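Here's a quick briefing for anyone meeting this structure for the first time. Take a look at it, then read on.

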Amino acid sequence: MKVLVAVKRVIDYNVKVRVKSDQTGVDLANVKMSMNPFDEIAVEEATRLRERGIATEVVVVSCGVAPCQETLRTALAIGADRAILVETDAELQPLAVAKLLKALVDREKPSLVILGKQAIDDDANQTGQMLAALASLPQATFASKLEVADGRAEVTREIDGGLETISVSLPAVVTTDLRLNEPRYVTLPNIMKAKKKPLEVVKPADLGVDPAPRLKTLRVSEPPQRKGGVKVPDVAALVAKLKTEAKVV
Amino acid sequence: MTVLVLAEHDNHVLKVSTASTVAAALRVDAAVHLLVAGSDCAAAAQQAATLAGVAKVLHADGAQFTADLAENVADQVVALARGYTHVFAPATSFGKNVLPRAAARLDCAQVSDILGVESPDTFTRPIYAGNAIATVQSTDPIKFVTVRPTSFDPVGGGGAAAVERIEPVADAGLSRFVSRTVAKADRPELQGAKIVVSGGRGMGSAENFKLLEPLADRLHAAIGASRAAVDAGYAPNDWQVGQTGKVVAPQLYVAVGISGAIQHLAGMKDSKVIVAINKDAEAPIFQVADYGLVADLFQAVPELVKALG
């Protein structure tokens with residue numbers, strides 16, 4: 001069974017972003033970039049399926065600028081077998097990425113596609129669902145547990161009220177939530193091995209996709225700032241403030 | 001212009017997120033129709049008809065909508081959407097799961113988790129865990145939008161729209177519901193609660209987490225948790241507040257033993273008043289707290305319950 005995993009290169013989750021004063025966007029100059037945390041979980045899950053003998057091959061794909069190759073090498077070091085970079089400098093939005101991935105699904109014919117549920121830069125939470133729609137596949141989003149058997153996947157999902165389990169036929173699209181697994185640390189030997197694994201570069205035109213964005217960003221601004229607060233010396237002072245000043249109790 | 005709003009409900013009653021989504025839809029200055037798709041959901045459809053500002057309710061009923069299976073609910077939206085200029089859904093786990101699937105089927109982009117409506121094609125939304133606000137304009141013929149419920153005051157009742165029973169789409173047969181464990185709480189639901197008491201890694205254990213219960217009881221509050229607390233097993237996943245958990249905006253948010261990571265702040269920094277109790281004076285949470293108490297929570301919390309009387 002082949003598993004396809006999609007990963008995105010994003011700002012590192014520890015970085016506090018700064019909005020540019022001209023409101024054209026966020027300042028990304030010299031900022032540390034990393035694999036989207038949810039996508040790390042996706043690669044880890046696929047690797048575990050491979051180690052358990054359920055998956056026979058793990059193919060990892062990323063769409064974007066040339067440095068995405070580093071992100072792919074990290075995925076290969078975690079345990080993916082080969083990588084594909086869909087290289088473009090164009091601004092990529094979820095619908096375009098879903099179309100690019102759909103073209104690769106047609107080409108690679110995986111039994112399972114795993115993506116992170118959302119990217120921590122745009123926080124869109126759309127790509128997996130859109131890919132499933134375009135490829136006419138079932139979707140199992142926000143997965144916290146994944147079991148594959150007999151041509152089906154049983155997925156436990158994190159929903160607002162608690163947990164839900166659904167069963168989907170394969171091939172299917174799964175998006176990962178935080179508690180699906182804890183990604184392994186990448187070891188130096190695996191990083192060295194990853195350098196020799198195949199990494200193919202294609203262009204959106206090769207896949208027959210026009211990745212032009214549909215949403216225009218008119219401006220990016222700072223969120224409303226909270227007024228600074230005070231420290232209170234003890235519980236009595238806190239209650240007094242909450243009752244008389246804030247009037248919330 | 002007409003907006004189709006995908007209602008969130010449990011077949012008997014609407015969730016509050018629906019009324020907030022209708023409020024957002026009304027800002028587009030268009031007629032608003034509500035789609036209530038479910039299994040034996042006539043009661044929810046009847047309630048939908050009473051929401052202020054709703055012009056029409058479309059009621060689609062069938063077992064294929066059990067547990068809001070995305071493939072079927074999205075198919076239902078797609079079957080109707082071409083008659084509309086906008087399709088709105090709440091940015092809850094339900095709406096987030098379903099709407100992008102419908103949008104892609106109609107080759108449209110989606111604007112996720114809007115905070116405001118600037119014009120019928122322009123919306124504001126949070127990016128980078130809410131550390132930046134993007135104003136985006138959709139160029140597609142149908143605007144697919146998910147709505148952050150805490151950003152729009154829910155509409156009231158008093159409406160009397162017509163309810164139209166429509167032919168439900170067939171079961172796509174791609175997925176099957178197996179089971180659900182939904183916590184039945186005696187407390188307010190986290191998402192709409194006026195007061196939230198939240199615990200972090202500082203609580204130390206699932207047993208200790210119960211320390212927050214008398215405080216939550218006294219304040220009639222919902223209980224929330226940081227990701228660290230959930231990951232450590234101190235609290236269930238549906239209590240998680242944060243960038244990828246629930247976004248809450250209560251009148252009062254009490255953060256107990258929570259350090260205040262960027263991702264947690266994303267889920268609660270729109271609270272009207274924030275109180276932080278943490279023994280680490282340097283914890284980042286104190287930067288957003290209106291009132292910060294540097295203290296041992298194991299002493300401070302019981303003291304607080306007593307002082308509130």
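In which strand of chain B does B:D113 lie? B:D113 sits in β5, residues 110-114; strands are DSSP runs of E with at least two residues, helices are runs of H or I with at least four, and both are numbered from the N terminus.

Some ground rules: this is a predicted model, where local features need pLDDT of at least 70, side-chain atom pairs count only at pLDDT 80 or more, and totals for chains, interfaces and linings use all residues. Residues are numbered from 1 along each chain as its sequence is written, while chains are lettered from A and ligands numbered from 1 in the order in which they are written.

**Chain B overall**
- Chain B has 10 helices and 16 strands.
- Its C-alpha atoms fill a box of roughly 60 × 40 × 40 Å along the principal axes.
- Buried residues (20 or more other C-beta atoms within 10 Å of their own, with C-beta atoms placed from the backbone; 12 or fewer is exposed, in between is partly exposed) make up 61% of its 309 residues.

**Helix α4 of chain B**
- α4 covers residues 93-105 and is mostly covered, with 12 of its 13 residues buried.
- Among the buried ones are B:F94, B:K96 and B:R101.
- After α4(B) comes B:D107, with a positive phi near 55°.

- Most residues other than glycine have a negative phi, and most peptide bonds are trans.
- B:D113 isn't a glycine, yet its phi is positive, about 65°; it's buried, with 25 other C-beta atoms within 10 Å.
- A:K247, also not a glycine, has a positive phi of about 55°; it's exposed, with 10 other C-beta atoms within 10 Å.
- The peptide bond from A:L170 to A:P171 is cis, with omega near 0°, and A:P171 is in the loop between β9 (162-169) and β10 (172-176) of chain A.
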